[in-house]
Amino acid sequence: MLTIEGLEAGYRGSRVLNGLDLEVAEGRIAALLGRNGMGKTTLMRALMGLVPVAAGRVVFQGRDIAGLRPYAISNLGIAYVPQGREIFADFTVEENLRLGLVGKPGGAGAVPSAVYRHFPILAERRGQKAGTLSGGQQQQLAIARALVGRPRLLLLDEPSEGIQPSIVLQIAEILRTVAAEDGLTVLLVEQNVEMVLSLAADCAFIENGRVVARHAAAELARDREILHRYLAV
Amino acid sequence: MEQLFILTLDASNFILAIVLVAMGLVIIFGLMNVINMAHGEVFLLGAYTVVLVERAGGHFWLGLLLAPLVVGLVGLVVEELVVRHVYHRFLDTILATWGLSIAIKQAVVIAFGPASHTVTNPIAASIEIFGTPYPVYRLFIMAVAISVIGVTFWLFFRTAFGLAARGVIANRDMAACLGIDTRRLDRLTFAYGAALAGLAGAVMAPIMSVDPQMGLGFLIPAFLAILVGGAGHLAGPLLGAAAIGGTDTLTANLWSPVVAQIVVFTMAIVVIRLFPRGLAGRWLGR
């Protein structure tokens, strides 16, 4: 459902992605692993249209989305949970969730109850300022905000960053349930190997803006040597 | 006592007119990070819309109704032709809108001449307040201003449009990633801010001399109100205008207009020194 071919992108004066190829199959949870500075976040931002694509194709559900503006990409059914969460700290939890809806066609309605069912803590805190939530709760809010618009593809950038290990596994569990229920496709960028192994089916490794290896998660769980090869500093 | 009441009414009048002008400025600055130096001329265009309508034989009320629409439309065109090309270059927006303000002013001089025009006062009656006659039209201006402030707050804090606009103000990129069309919001809010100033110009026209310089008299206090009140919150211009307008009217009445200018500017400097983010930033957080 998502095919990336020869993607080149970057910032003024420095190209970060150098012909990246990646495929994510419908309904699968795929993970992209790699060390810092290899281009993981740039890939996510390029997919969302926040970083201009210099060359290559990004085909989502049969349509080339490279060059579209972020809001158009979002309205095609791609949701984004950025690194550092970027929740609206001065807005209430419910306003944050409604912001995931207001831009959608015909979407000024109420927050779907399924979202509160998956994230009960957000229902409890719905009138509270989002900035007062703990890190793990803010991450749940960022994910829930991405899900309210009923996306087909979810882009998750480092969801475990700065969160206690027990909460990380809890969030992974919720994500697995949601993805299975809605047939959601997920592309996850992570450094936390435990989260990747507990969530993803397919893994790819990125180095200097290119995908250099692909493995099934089960394979990685058996043979940690592979992980070591691509992730060790 | 009566003296004080009339003075308060006069102050409120000035304050509310500043708020109408300042609110448009703050909305545009908050959303697009553009300091619109042409905002005073937008005010001017509102007043001249009324002049034009009256010249064509139309009634004042028709002019008042048309002014925000016409000026809002001008705002749309200006946004499309000028502002959107420079809005990510902060300094250039100041230069571009400053140039625009000169161009509008000269266009008005060419079209209407440099002399001042008068607009008929549609409600010439006075009402006795504590034995002193007070023009009813001034009360009407206050009612209009209060309604517009109410509508603006409702728009920004109670509607889906307002939520989206506040989202864009807080984090533009993230709002776009959530599917919010930021270009459309830019266009609409710029037009809305312009329409507010246009309405202010039209409603103030009967009690001012309508000439090409009239915008400046409101632009400067509006900018001061934003600096004093803070640009981070929609309530900023309200607090700032209350401080600026109140001080100005009070000092001008008890002393002289010249002393009032000195006091107002001194107060602005002191407030900015003590609260760099303005009074709203001090009390309301962000």
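This is a predicted model: local features need pLDDT of at least 70, side-chain atom pairs count only at pLDDT 80 or more; totals for chains, interfaces and linings use all residues.

Tutor: If you follow chain B along its sequence, the elements come in the pattern α-α-α-α-β-β-α-α-α-α-α-α-α-α. The radius of gyration of chain B is 19 Å, close to the 19 Å that the globule rule gives for 286 residues, and therefore chain B is as compact as a globular protein of that length. Taken along the principal axes, the box that the C-alpha atoms of chain B fill is roughly 60 × 50 × 35 Å. Of its 286 residues, 47% count as buried, and among the contacts in chain B between residues at least 6 apart in sequence, 75% join residues at least 24 apart.

Let us now turn to a single helix. Helix 2 of chain B, which runs over residues 39-55, has 17 residues and reaches 25 Å from its first C-alpha to its last, a span close to the 24 Å expected at 1.5 Å a residue. This helix is mostly covered, since 13 of the 17 residues in helix 2 of chain B are buried, where a residue counts as buried if 20 or more other C-beta atoms lie within 10 Å of its own. Just after helix 2 of chain B comes B:G57, which takes a positive phi of about 95 degrees.

Next comes the place where the two chains meet. The contact takes 17 residues from chain B and 20 residues from chain A. On the side of chain B that touches chain A, helix 6 (160-170) and helix 7 (172-177) of chain B each supply at least two residues. The residues on that side of chain B divide into ten nonpolar, four polar and three charged.

One residue of the partner chain lets us look at this meeting from the other side. A:G100 has its place in helix 3 (residues 93-102) of chain A. Leaving out residues up to four places away in sequence, A:G100 touches B:L178 as well as A:R145, A:A146, A:V148 and A:G149. With 28 other C-beta atoms within 10 Å, A:G100 is buried, because the cut-off for a buried residue is 20 or more. The C-alpha atoms of A:G100 and A:A142 are separated by 9.6 Å, although these two residues are 42 residues apart along the chain.

Note on methods: Residues are numbered from 1 along each chain as its sequence is written. Chains are lettered from A and ligands numbered from 1 in the order in which they are written. Two residues are in contact if their C-beta atoms, placed from the backbone, lie within 7 Å. Helices (H or I, at least four residues) and strands (E, at least two) are DSSP runs, numbered from the N terminus. Ala, Val, Leu, Ile, Met, Phe, Trp, Tyr, Cys and Pro count as nonpolar, Asp, Glu, Lys and Arg as charged, and the others, Gly among them, as polar. A residue is buried if 20 or more other C-beta atoms lie within 10 Å of its own, exposed if 12 or fewer, and partly exposed in between; C-beta atoms are placed from the backbone. The expected span of a helix is 1.5 Å times one less than its number of residues. The radius of gyration is taken over C-alpha atoms; the globule rule is 2.2 Å times the number of residues to the power 0.38.
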